[in-house]
Amino acid sequence: MKSLDGAAAVLDHGGSLGRALALFPNAPQPFVDLSTGINPHSYPFFDLPATALSRLPEASRVRDLTDVAAIAYGAPSTANVAAAPGTQILLPRVASLASPGKALVFGPTYAEHQRAATIVGHAVMEVDDFEALAGADLAIVVNPNNPDGRVIEREKLLGLAGRLRARGGMLVVDEAFMDVGPLGESLAGDVEQGSMVVLRSFGKFFGLAGLRLGFALADALTVERLQAQFGPWAVAGPALEYGIRALADSGWQAEMRRRLAEEAARLDALFGRFGVAVAGGTTLFRYIRLADAAGLFSVLGERGILLRHFSDRPHVLRAGLPGGDEEWQRLESALAAWAQQRDDGA
């Protein structure tokens with residue numbers, strides 16, 4: 001087990017170009033930012049109605065969004081969906097639904113879950129034994145996991161949820177990457193059983209992280225409690241419009257899943273050419289374990305290619321997908337330079 005010290009600690013995340021500039025001030029610009037799991041092929045931009053910016057969001061438009069989100073994610077009904085300005089803001093609010101007690105996070109995983117549970121009063125531990133989660137007051141599982149792509153089967157999670165429910169506990173399943181995961185393993189359709197909350201992220205799969213849109217799926221009473229915390233106008237007008245259109249666009253979603261699978265295979269092959277084996281991930285990011293992970297991160301960073309590294313796991317890297325031919329070419333050249341340095345030093 002590993003505890004989290006310092007609830008207010010600043011956590012390192014991918015996607016910070018300011019941090020990239022500080023680390024690699026002489027790198028060629030622009031950076032090829034592969035440090036996130038955000039789709040580089042965003043949902044097509046479209047002209048927003050002027051009212052999306054000039055008026056406060058209408059409650060009816062929020063209902064339109066939760067209607068389409070319930071269908072897209074497989075929730076029992078719109079009453080089981082709470083919309084929020086990004087999943088991140090939901091983390092401490094969802095953790096606070098359980099009375100302060102023992103929170104266990106199935107890790108290693110996205111570190112913000114530990115921080116969020118700590119700041120609302122839980123004693124938080126990270127565990128690597130799934131069975132240990134049954135002893136929690138609050139159990140948190142990221143599925144598929146970030147950064148290694150590990151998937152826990154739905155039936156196994158439902159069994160855990162039942163054990164927690166019997167002793168007054170709660171299960172939170174973060175399905176931020178389930179859009180590109182095995183959809184049959186989602187718990188979205190089971191949330192009315194109670195004592196479980198499923199989180200879904202909009203911005204990652206649709207490549208629109210800056211909109212700040214996310215969802216909590218839960219039983220209807222829990223959804224009401226969450227919505228009461230936000231009050232009116234929690235989701236901005238532009239996010240409503242993009243969410244309604246994109247979540248209803250099943251054709252775009254199916255084609256994008258196909259494209260991402262092809263590009264993930266291409267990325268695996270590119271890394272493999274230079275002796276870097278991919279150990280897991282999803283089609284939005286690849287997980288790499290490498291003895292010289294720090295060296296690869298540095299050599300690529302000096303050439304303007306930013307990967308995600310982990311200070312607590314020095315032999316681990318995560319790589320997102322390049323966004324176009326030029327980025328693929330820059331990545332290939334940088335990998336070749338690293339391999340040359342490696343071979344020269346052998």
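Asn80 is buried, with a relative accessible area of 2%; buried means under 20% relative accessible area, exposed over 50%, and partly exposed in between, with a 1.4 Å probe and protein chains only. The model is predicted, so to speak of local features a pLDDT of at least 70 is needed, side-chain atom pairs count only at pLDDT 80 or more, and totals for chains, interfaces and linings use all residues. Residues are numbered from 1 along each chain as its sequence is written, and side-chain values use heavy atoms, with hydrogens and water left out.

Asn80 sits in the loop between helix H3 (59–73) and strand S3 (81–84). Helices (H or I, at least four residues) and strands (E, at least two) are DSSP runs, numbered from the N terminus. The side chain of Asn80 reaches the backbone oxygen of Ala218 at 2.9 Å. This is a polar contact, defined as a pair of N or O atoms within 3.5 Å; within protein, one must be able to donate a hydrogen and the other to accept it, and residues adjacent in sequence count only if both atoms are side-chain atoms. Leaving aside residues up to four places away in sequence, Asn80 touches Ala75, Val191, Glu192, Ala216, Leu217, Ala218, Asp219, Ala220 and Val223, where contact means heavy atoms within 4.5 Å.

Another covered element is helix H5 (residues 112–119), with 6 of its 8 residues buried. These are Glu112, His113, Gln114, Ala116, Ala117 and Thr118. Just after H5, Gly121 takes a positive phi of about 105 degrees.

We turn now to a sheet. Four strands form an open sheet in the order S10-S11-S14-S13, with antiparallel pairing. Strand S10 (278–282) and S13 stand at the edges, each with a single partner strand, so one side of each is left without a neighbour in the sheet. Neighbouring strands of this sheet are turned by 25 degrees against each other on average, direction ignored. Axes here are lines fitted to C-alpha atoms, for helices over the stretch in contact, and angles run from 0 to 180 degrees between N-to-C directions.

Strand S14 (residues 313–320) is mostly covered, as 6 of its 8 residues are buried. Two strands pair if DSSP finds at least two bridges between them. S14 pairs with strand S11 (residues 285–289) in the antiparallel sense over 5 bridges, and Phe285 stands opposite Gly320 in S14. S14 also pairs with strand S13 (residues 308–310), again antiparallel, over 3 bridges. Here Arg308 stands opposite Arg318, and Phe310 stands opposite Arg313. S13 and S14 form a hairpin with 2 residues between them.

Two helices lie across this sheet. Helix H10 (residues 250–273) lies across S10, S11 and S14, and runs at about 25 degrees to S11. Helix H11 (residues 293–302) lies across S13 and S14, at about 45 degrees to S14.

Finally, the protein as a whole. There are 12 helices and 14 strands, and buried residues make up 51% of the 346 residues. A compact globule with 346 residues would have a radius of gyration near 20 Å, and the protein agrees, with 20 Å; this radius is taken over C-alpha atoms, and the globule rule is 2.2 Å times the number of residues to the power 0.38. Among contacts between residues at least 6 apart in sequence, 73% join residues at least 24 apart.
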